[in-house]
Amino acid sequence: MEKHEPQVTRNQLELEMKADRSREMQLQLISFALMIFLTLIAFGAVMAELMPHWAAGGFLVIMAIVQVYLQLYMFMHMNNKGNTWIKVMMALGIFVALTIVATLRLLIW
Amino acid sequence: MGHHSVPNNPVTGIPDHVEKATLEGKNKYVAFWFFLGGETTLFASLFGTYIGLHNSGAKEGLRSYDIFEMELVFIMTMLLLTSSLTSVLAMMAMKRNDVAKMKMWLIITLVLGLAFLAGEIYEFNHYYHIGHTFTSSAFGSAFYTLVGFHGAHVLFGLLWISTLLIRNWKRGITVVNAPKYYVSSLYWHFIDVVWVFIFSVVYLMGMVK
């Protein structure tokens, strides 16, 4: 929570908030453009048949992880202050998720 | 519930971070992230099963690279990704106490989500007619369980956001309804997070021979 100095007038506050808002808007739109870009690369690479099967998996998963990182940290604001427990729980969730995927992948044949 | 110590911002007329201005709001926010951590492991079990059973038992002509169509998946991906952005814009409007804009962006989010769901229904119906069904192969079972479960999340998200809009249609933004809107938007983003892995691992990987 931000504390505003008492001498800050309403007009100043309004201007500050407007600047914050346009900065936030810019960040979100850049994130969105990056997500679209990553999606296009992933689809494009498969469409153009650029990769052999063994390389495609790794490449597509890396593209997905970068995009999900943007989604979590920009769109969902996971990096905000005071989110330590959220990060701990998500990290735990992701750790268990990776273990599950690895286990099932190896168990089923 | 109503008693909160966070003062209103003189410009917006609501507290900054209105979704976390009360203890209840804060609790909802943290608890909802804990729930998403659980959802992550739940979807992981479906993904792991799908990866293990990919194309298993599927007849010639009904393997993933025979049936998946890139155009439809691409359109659905764009719809859901854009709906994630409109959901961000709705929450930005909420924080500046612009209830009309918030409602507008949420309705656009709903329309995009509905279009996505229509695409999925069309897709499943098409597969059913060419013989790729829940019981046709282990691949089919794993595919419909994973993708269908995601689709059910989309449906639930649509119902949730619609309900919130209807319930609060004539109300302004308050410390009571803001956390509700906010966690529903987190849910909506998470649906897109899952879809990113679905289009990458299920569809795109499935199209590489």
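Author: Chain A is assigned domain 1 (7-77) and domain 2 (80-109), with bounds from an automatic or database domain assignment. This is a predicted model: local features need pLDDT of at least 70, side-chain atom pairs count only at pLDDT 80 or more, and totals for chains, interfaces and linings use all residues. Residues are numbered from 1 along each chain as its sequence is written, while chains are lettered from A and ligands numbered from 1 in the order in which they are written.

Reader: What separates the centres of domain 1 and domain 2 of chain A?

Author: 22 Å, taken over C-alpha atoms.

Reader: How many residues does each chain put into the contact?

Author: Chain A puts in 45 and chain B 42. Contact means C-beta atoms, placed from the backbone, within 7 Å.

Reader: Which helix of chain A gives the most to that side?

Author: H1(A), with 15 residues. Helices are DSSP runs (H or I, at least four residues), numbered from the N terminus.

Reader: New topic. Which residues touch the most other members of the largest nonpolar core?

Author: Phe47(B), Tyr50(B), Val194(B), Ile198(B) and Leu204(B), out of 78 residues. Such a core joins buried Ala, Val, Leu, Ile, Met, Phe, Trp, Tyr and Cys through C-beta atoms within 7 Å; buried means 20 or more other C-beta atoms within 10 Å of a residue's own.

Reader: Which helix has the largest share?

Author: H6(B) supplies 21 residues of this core. Domain 1 and domain 2 of chain A both contribute too, so the core lies between them.

Reader: And what does Phe47(B) touch?

Author: Val101(A), Leu146(B), Phe197(B) and Val201(B), not counting residues up to four places away in sequence.

Technical notes:
Contact = placed C-beta atoms within 7 Å. Helix = DSSP H or I, 4+ residues; strand = E, 2+ residues; numbered from the N terminus. Buried ≥ 20, exposed ≤ 12 C-beta atoms within 10 Å, placed from the backbone.
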